[in-house]
Amino acid sequence: MTLAAASHGFLTPSGVEIAFLLVGLVTLGAAVVTVTTRQLVHAALWLVVALGGTAVEYLLLTAEFIAWVQVLIYVGSVVVLLLFGLMLTKAPIGRSPDADSGNRWAAVAVAAASAAALVWVVVDAFRATWIELGTPQGTTETTGRSLFQYWVLPFEALSVLLLAALVGAIVLSRKGTDTAAGSDGGGTAPLPAPGAAAPSGAATAPGPALREGQR
């Protein structure tokens, strides 16, 4: 990183910076539509646009390795998993009222606070510094050295968090399955054991001896 030169500043952006800003606006718009649309399939498709825009941003920052990891893992795996989940759970194709929540304004407030905190952290960390894009910044060697030298603890903490989320999802899905099975079998009464007396008030069918006497 080098300090901003006198001939280069915010009022004289380069073509890469303009492209970065435009792609960022498209990505932001796609992310907003993803969380506001009431059609689940459309939300998944707009998520593809948002993740693809993020990959393009990595390419503009000369981080080719991270960009292709973004495409292969998130666009090629996570979104496909979401679409399969929508198909297997028979999610509605059209508008779904269940896709909306009454906590819309709380979500907007949390999103705005998170965005403000991220912008403040980035501006405070870099301020007037500029990253030279002439040399590759996101190669496999550079990314591996930075990840396993400076970010080992956050990487492992994120792994534990994802594992806990996976276990929680399995527990919640099993609980829903057990509840549904109990509600389906709750309407039928158990059969009495052989030789047990019938409950009072219950109609009993005439036995073989009674039917023979009536004849």
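Please keep in mind that the model is predicted.

Let's start with the record. The unreviewed UniProt entry annotates "transmembrane region" over residues 18-36, 43-61, 67-93, 105-128 and 148-172. How do two of those spans look in the model? Residues 105-128 are 92% helix and 0% strand, with end C-alpha atoms 35 Å apart.

Now to helix α4, which runs over residues 104-126 and has 23 residues. From first C-alpha to last, α4 reaches 33 Å, close to the 33 Å expected at 1.5 Å a residue. Just after α4 comes R127, with a positive phi of about 50°.

Next, a pair of helices: α2, residues 40-60, and α3, residues 64-88. At what angle do they pack? It is about 175°, with the axes 8 Å apart. Angles over 145 degrees count as roughly antiparallel, so that is how α2 and α3 run relative to each other. On the α2 side, the contact includes L47, L51 and Y58, and α3 brings residues including V71, Y74 and L82. By class, this contact has 18 nonpolar, three polar and one charged residues.

Finally, have a look at T62, in the loop between α2 and α3. Its phi is near 60°, a positive value in a residue other than glycine. Is T62 buried or exposed? With a relative accessibility of 13%, T62 counts as buried, because the cut-off for buried is under 20%.

Technical notes: Residues numbered from 1 in each chain as written. Predicted model: local features only at pLDDT ≥ 70, side-chain atom pairs only at ≥ 80, totals over all residues. Heavy atoms only, no water. Helix = DSSP H or I, 4+ residues; strand = E, 2+ residues; numbered from the N terminus. Expected span 1.5 Å × (residues − 1). UniProt positions renumbered as here; feature names shortened; annotations may be inferred. Axes fitted to C-alpha atoms, helices over the stretch in contact; angles between N-to-C directions. Parallel < 35°, antiparallel > 145°, perpendicular 65-115°, else oblique. Contact = heavy atoms within 4.5 Å. Nonpolar A, V, L, I, M, F, W, Y, C, P; charged D, E, K, R; others polar. Buried < 20%, exposed > 50% of the residue type's maximum accessible area, 1.4 Å probe, protein only.
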